[in-house]
Amino acid sequence: MKSYNIAVIKGDGIGPEIVDEAIKVLDRVGEVFDIDFSYKEYLMGGCAYDETGDPLPNETVEGALNSDAVLFGSIGGYKWDHLHRDLKPETGLLRFRTALGVFANLRPVKVYHELTGASHLKEEIVDGVDLMVVRELTGGIYFGKPREKREDMAYNTMVYTKEEIRRIAKIAFEIAQKRRKKVCSVDKANVLEVSQLWRETAEEVAKEYPEVELTHMYVDNASMQLILDPKQFDVILTGNIFGDILSDEASMISGSIGLLPSASIGGKIGVYEPIHGSAPDIAGQGIANPIATISSAAMLLKYSLNELDASLAIDRAIAKTLHDGYRTADMAKYGAKKVCSTSEMGDIIAKNIEK
Ligand code: NAD
């Protein structure tokens, strides 16, 4: 029997509720595929600050580095918004990603046929959308120095080295090779020097992948094209801030932010988490949609453990559950035969896991 150690960081708000459901589904996957998962919990975010005074205790980084993969919920909430930047839960998360070296954030956006009505876009625009945003995660303007806020002015710096662009571009091309073989690199090369280097480097990397088509798009146009015709995209390759914004925009194509997973890879250990935050407005009510986190567990199996059959089994179980009409409250208006709680949704998906 294969066995894996998963570091679990539940975090704040709905984090514990949704991670518990992902673990429930992983345990069922373990039974069906004869895999032994062991879990060790670590603190991060507001709960870590409350208990230790630090949103990212050293023990959490060490535990993650000694695991096979990290399953992550979400961090943050109003309670900690007043804290100094260094102590905020979100700063802990940025430090964590840097410590693990996870420079590539993969955000797949797939529209379930059963939920096309949930999108704010017309059904014929969204039905069949299947794209992947590959976002650079540890560089760009969120990390660039110098940065400063004064009373009457403030500045940040957008900086990328050629090597940083090259390594994220390679990941996008590798992924495209296993998909529909199209990479659209999104930048602002008509205005920003950093984007000009981005574009040149993407062109260089493209030469190593002759079977993959590379196109370029300015970020303003890309934000429009995502709404106008999302099916034109296969893999979108972009930097940190553009990817942050575009992937949230792309999430709305699917109808609910509670559906979309992510993987942060490229470093020593992969981190798998839903793209949404800690949803303090619904925390503790048992109504959060756990599908994004369960789907993140499927990405963990695929990208960190190379358990491809088990990963696909989770994808199939989610699709079947939605097909059978089970919906959490956020999707209740769209084809619901039964509106279920967070834990009921986890139960049904776990039950639907099959070889
Ligand atoms: P959010 O994603 O937490 O919530 C936005 C809206 O979506 C809310 O109405 C929420 O109820 C709803 N929502 C989110 N996830 C849902 C789910 N699984 N099921 C049903 N509804 C869901 O974004 P926000 O309100 O801007 O941020 C709340 C906190 O989360 C902030 O402190 C923010 O910094 C933090 N945050 C953390 C992460 C992370 O941990 N990676 C990411 C984004 C935001």
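How far is an oxygen atom of the ligand from an N or O atom in the side chain of Glu90? The distance is 2.4 Å. This is a predicted model, in which local features need pLDDT of at least 70, side-chain atom pairs count only at pLDDT 80 or more, and totals for chains, interfaces and linings use all residues. Residues are numbered from 1 along each chain as its sequence is written, and side-chain values use heavy atoms, with hydrogens and water left out.

**View 1. Polar side chains at the ligand.** For Glu273, a polar side-chain atom is 3.1 Å from a nitrogen atom of the ligand. A polar contact here is a pair of N or O atoms within 3.5 Å.

**View 2. The shell around the ligand.** The ligand is surrounded by 21 residues, and Ile75, Glu90, Gly277, Ala279 and Asp281 are the closest; a residue is near the ligand if one of its heavy atoms lies within 4 Å of it. By class, nine are nonpolar, eight polar and four charged, with Gly counted among the polar ones. Strand β3 (69-74) and helix α4 (89-100) each give at least two residues to this shell; helices (H or I, at least four residues) and strands (E, at least two) are DSSP runs, numbered from the N terminus.

**View 3. Strands β4 and β5.** These strands, residues 104-110 and 130-136, run antiparallel and are joined by seven bridges; two strands pair if DSSP finds at least two bridges between them. Ala104 stands opposite Glu136 in β5.

Conventions. Polar contact = N/O pair within 3.5 Å; in protein donor to acceptor, adjacent residues only side chain to side chain.
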